[in-house]
Amino acid sequence: MGHFKTLLEQEEYLILHGALGTELEFLGHDVSGKLWSAKYLLEDPDLIQSIHETYLRSGSDIVTTSSYQASLQGLCDYGLSQEEAEKTIALTVDLAKKAREKVWQGLSEKEKHGRPYPLISGDVGPYAAYLADGSEYTGDYGSIDKEGLKDFHRPRIAVLLEKGSDLLALETIPSFLEAKALTELLQEEFPAAEAYMSFTAQNSSSISDGTAIEEVAALLDAAPQILALGINCSSPLVYTDLLKKMSTVTDKPLVTYPNSGEVYDGQHQTWTQTADRSHTLLENTVSWQNLGAKIVGGCCRTRPSDIESLSQGLKKRR
């Protein structure tokens, strides 16, 4: 049994690492361009580690590596050799591990007993992140087929697992074809890997490419390596109905980490419209826990303070 499965069975909930790009922007760093936050792996890796540390101190139980945008193809297009690109992906795991050890060693024995030892989650962003055109929210991938998607994801997954990630975060997936490619790839080539998979959605009935959420949930319910499934980087307003529909198909733990409710403009790489302030992240999460959510947190436009409020609020409810 892997670490992820064990922790899922032992804990009432697990709190995820929060948004990386949002925090970089808040700290005054430019994340424009195709590499987005991943360019700081090349320019200032200590900055990435420090943000990991901040989220861990805020209460995160899972440290998500900074590899969302750091695909082999994307890094090579940027000008790195294949060897350099693989080393950069490997660095994301090293930085997460260093952050975990630094924060953990700074805790008192009482604090250590009050929380699980954090896991390292190898972040596998969608093909859309490589395209850098906002297709995380449409699922429009053009002509690439399932085998092409496997080829795209294979090398990053291999490096993340070889470096010791405890699980994979297959996140922000907008495409049913991509979900099928990833589940098959794990079964065929990485049979020992554990993962969760989360999707983007623009309404309360389907993922971003229009596939019914029940069909998506059925696919993942039959995939033994996918230990949890859910929705991320989507408006809080669509979660309740989606979770209800997913829970009619699967008994697996559900995953929820919404964005602020703002809308991403892929052409200009900016967030528009007004954030949803009708409920706090804690209030939303508590209601989603009643529907089966067990891996919880916040995505784009949320910050360490949100994760801290979530952590403290959920502890008080135990």
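**Strands, helices and cysteines in a predicted model**

Colleague: To start with Thr172: does this residue count as buried or exposed?

Modeller: Thr172 counts as buried, because its relative accessibility is 3%, under the 20% limit. Please bear in mind that this is a predicted model.

Colleague: Where does Thr172 lie?

Modeller: Thr172 lies in strand E4. Its phi is near 60 degrees, a positive value in a residue other than glycine. Most residues other than glycine have a negative phi.

Colleague: And what is the phi of Ala132?

Modeller: The phi of Ala132 is near 55 degrees, again positive in a residue other than glycine. Ala132 is placed in the loop between H8 and H9. With 22% relative accessibility, Ala132 counts as partly exposed.

Colleague: Let us turn to the sheet. What is the strand order?

Modeller: The order is E1-E10-E7-E6-E5-E4-E3-E2, an open sheet of eight strands with parallel pairing. Its edges are strand E1 (14-15) and strand E2 (62-64), each of which pairs on one side only.

Colleague: How many bridges join E1 and E10?

Modeller: Two bridges join E1 to strand E10 (residues 293-296), in the parallel sense. Leu14 has Ile295 of E10 as its bridge partner.

Colleague: Why would one call E3 largely enclosed?

Modeller: Because six of the six residues of E3 are buried, the strand is largely enclosed by the rest of the structure. Both faces are covered: Leu119, Ser121 and Asp123 are buried on one side, and Ile120, Gly122 and Val124 are buried on the other. In a regular strand the side chains alternate between the two faces of the sheet.

Colleague: Which helix lies across E2 and E3?

Modeller: Helix H6 (residues 82-105) lies across E2 and strand E3 (119-124), and runs at about 155 degrees to E3.

Colleague: What about E7; which of its residues point which way?

Modeller: Leu254 and Thr256 point one way from strand E7 (residues 254-257), Val255 and Tyr257 point the other way, and all are buried. E7 pairs with E6 in the parallel sense over four bridges, and Gly230 stands opposite Val255 in E7.

Colleague: Moving on to H10: what span should this helix have?

Modeller: At 1.5 Å a residue, the 14 residues of helix H10 (residues 176-189) should span 20 Å, and the end C-alpha atoms are 20 Å apart, which agrees.

Colleague: Which residue caps its N-terminal end?

Modeller: Ser175 caps the N-terminal end of H10, with a side-chain oxygen 3.3 Å from the backbone nitrogen of Leu177.

Colleague: Which residues of H10 are buried, and what do they pack against?

Modeller: The buried residues are Phe176, Glu178, Ala179, Ala181, Leu182, Thr183, Leu185 and Leu186. Their packing partners include helix H8 (127-131), helix H9 (146-162) and helix H11 (213-221). Strands are also among the partners: strand E4 (167-173), strand E5 (195-199) and strand E6 (226-232).

Colleague: Since H11 came up, where is Ile213, and is it buried or exposed?

Modeller: Ile213 is in helix H11. Ile213 is buried, with a relative accessible area of 0%. Leaving aside neighbours within four places in sequence, Ile213 is in contact with Ser205, Ser206, Ile207, Ile231, Leu242, Lys245 and Met246.

Colleague: How far is Ile213 from Ser135?

Modeller: Their C-alpha atoms are separated by 18 Å, and the two residues are 78 residues apart along the chain.

Colleague: Last topic, the cysteines. How many disulfides are there?

Modeller: The structure holds zero disulfides.

Notes
Residues are numbered from 1 along each chain as its sequence is written. This is a predicted model: local features need pLDDT of at least 70, side-chain atom pairs count only at pLDDT 80 or more; totals for chains, interfaces and linings use all residues. Side-chain values use heavy atoms; hydrogens and water are left out. Two strands pair if DSSP finds at least two bridges between them. Contact means heavy atoms within 4.5 Å. Axes are lines fitted to C-alpha atoms, for helices over the stretch in contact, and angles run from 0 to 180 degrees between N-to-C directions. The expected span of a helix is 1.5 Å times one less than its number of residues. Buried means under 20% relative accessible area, exposed over 50%, partly exposed in between (1.4 Å probe, protein chains only). A polar contact is a pair of N or O atoms within 3.5 Å; within protein, one must be able to donate a hydrogen and the other to accept it, and residues adjacent in sequence count only if both atoms are side-chain atoms. A disulfide is a pair of cysteine sulfur atoms within 2.5 Å.
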